[in-house]
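Hello,

Here is the structure we talked about. Please open it alongside this note, and my findings follow below.

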Amino acid sequence: MYLRSTPRRNKDGTEVRYLQLAHNVWDPQKRRSAVQVVYNFGREDAANREALQRLVASVTRFLDPDAALAAPADGLEFTESRPLGGTWVLDALWSRLGIGKEMRRLLKGRRRDETAERVLFALVANRALAPSSKLAAARWVNEDALVTGLPVTSDDACYRAMDWLTEIKDDLERKVFDSLVTLLNLEVDVLFFDTTSTYFVTEDEDEPVARDDHGMPLASGNAGTGADGKPEPGAFRTWGKSKDYRDDLPQVVIGMAVTRDGIPVRVWCWPGDTSDSALIRQVKDDMRDWCLSKVIWVADRGFTSAENRRYLRKGGGSYIIGEKLRSGSADAQAALSRQGRYKDVAGNLKVKEVRISDEERFVICFNPEAAERDAAVRAKMIARLEETIRDSDQLSRDKRAELRGVISTRPGMNRYLRVTPGGLLRTDAAKAKAEENLDGKYLLRTSDPKLSAEDIALGYKQLLEVERGWSTTGARTGSAPTSSCAGSPSSWPASPRTPPARPGPSCAASSARSTSAPSPAPPAPFSSAPSSPNGTVTSSRPCKSTPRHASTS
């Protein structure tokens, strides 16, 4: 069946054409095929063409999409189809934030490929839409997606663009931060900071070289050697305490600052053996360079050293830091021994402030729901311990020592184990009673003299937003582990093969950002976050110097 156009000449010599739907049928008498008209559309004019278009649309509803596209029309031939929606939306946001414009400005005067900005956008789009390595990202651009201004690329171009990004990172961060705050109307009076790690599937660490505090190579060349003749720690990808439980593989440490809503503001990267406790001082200095003036740092128990507390108080700063209740410190014991009534803050949180020092304030937080969970877990551990040591008195001394060694590898049970002078194994009732007094409690210390106990507690709870940021970012982008390859730290490709790393010690910064606009109103009261002993509060004053902003998001 087909559509045909037949002419007819009028008496005045003009020609009129008619459209007909026809098909060929076999005429047994004439022994040849003959045209049979199925339907007459009438004269070939605009109105009838519109009717034909409606007919075609109706017919194609019953066709396979590939077959419909394969149908030739006006000499055109279908070659390929690529999705545009995702990259189009991301490109619009990329332009709205001014990232592309700033990159092109920084590209001037550099011996770089003019498509470097488009390549970097393609890598960002790939990470958001189909996370993969640089090699796979190049194939994704060439075959699976439509990136405006970048018809084709290669993995080498991706690596070169990433190297260039490292060179302009500081300038670009400032531009992105300024644009993001304006576009999304972000509240940057509170900033949370957290660290995690990502490991590399490779046998060896990087060659050690001299590096600065940020982990960047120095121009002086190779690192020196220690007393044992071995190179001093100077590799970027190197072994350290892995939050993925992969201490056998080299890794890097990644830090991220986010707003109270969990929106990333800035990212850092350090060598894999960097200690978390030392990072808070560097991050404090970096955020001060952004003209975030009066800062209240909120950190968990991993940053509670006296040296860190002294550093955070410099320049008029202050802090809110979690204290280890089971550390046996004099401060913790003194705070817990103070009497007083708890005040209800939220449905699952009570607070009590105690004074044991002229320089610091201590707030004891109590969560009834967490207390019930702690009691249930303790009862389960004690029952399991009693089952394990039952009839152990009949064992020989060596066998009991062996059983004691097995229990020592299980911290939950070992906490409640007591060994008598005669070597017998018993449950420690006194230890269980002491633990009962700590159920559902955590201790906070702060150097800020003005914040209320309620604000301190609710603020510390919001630190959970940073951990959520890692989970969300890692789950959507497949941040770990990372395949091994040569190149600078920014050039290493990622491969989404395992869940994101668990968050490590966290901290948060609260500060004021100065703008040319009128000073904002004081922050609204802090709301209660989901049940967790994490969060932050802020008390801020505007910065008097010229604002300088920076961020990666």
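Which residue takes a positive phi in the hairpin of E2 and E3? Arg-31 does, with a value near 55 degrees. The hairpin has four residues between the strands. Bear in mind throughout that this is a predicted model.

**The hairpin and its sheet**

Strand E2 covers residues 15-27, and strand E3 covers residues 32-43. The two pair in the antiparallel sense, over 10 bridges. His-23 stands opposite Gln-36 in E3. Leu-19 has Gly-42 of E3 as its bridge partner.

**Two packed helices**

Next, look at helix H5 (residues 116-129) and helix H6 (residues 134-144). They pack at an angle of about 95 degrees, and their axes are 10 Å apart. H5 is therefore roughly perpendicular to H6, as the angle falls in the range 65 to 115. On the H5 side, the contact is made by Ala-122, Leu-123, Ala-125, Asn-126 and Leu-129. H6 contributes Lys-134, Ala-137, Trp-140 and Val-141. By class, that contact has seven nonpolar residues, one polar and one charged.

**An aromatic pair**

A search of the whole structure finds four aromatic pairs. One of them joins Trp-94 and Phe-121. Their ring centres lie 5.3 Å apart, with the planes at 65 degrees. Over 60 degrees counts as edge-to-face, so this pair is edge-to-face. The pair links distant parts of the chain. Trp-94 sits in helix H3 (residues 85-96) and Phe-121 in helix H5, 27 residues apart.

Are these two residues buried or exposed? Trp-94 has a relative accessible area of 8%, so it is buried. Phe-121 is buried as well, with a relative accessible area of 1%.

**The whole protein**

Some overall figures to finish. The protein has 16 helices and 18 strands. Of its 553 residues, 41% are buried. Among contacts with a separation of 6 or more, 65% come from residues 24 or more positions apart.

Best wishes

How values were computed: Residues numbered from 1 in each chain as written. Predicted model: local features only at pLDDT ≥ 70, side-chain atom pairs only at ≥ 80, totals over all residues. Heavy atoms only, no water. Axes fitted to C-alpha atoms, helices over the stretch in contact; angles between N-to-C directions. Parallel < 35°, antiparallel > 145°, perpendicular 65-115°, else oblique. Contact = heavy atoms within 4.5 Å. Nonpolar A, V, L, I, M, F, W, Y, C, P; charged D, E, K, R; others polar. Pairing = 2+ DSSP bridges. Phe/Tyr/Trp six-rings, centres within 6.5 Å; stacked < 30°, edge-to-face > 60°. Buried < 20%, exposed > 50% of the residue type's maximum accessible area, 1.4 Å probe, protein only.
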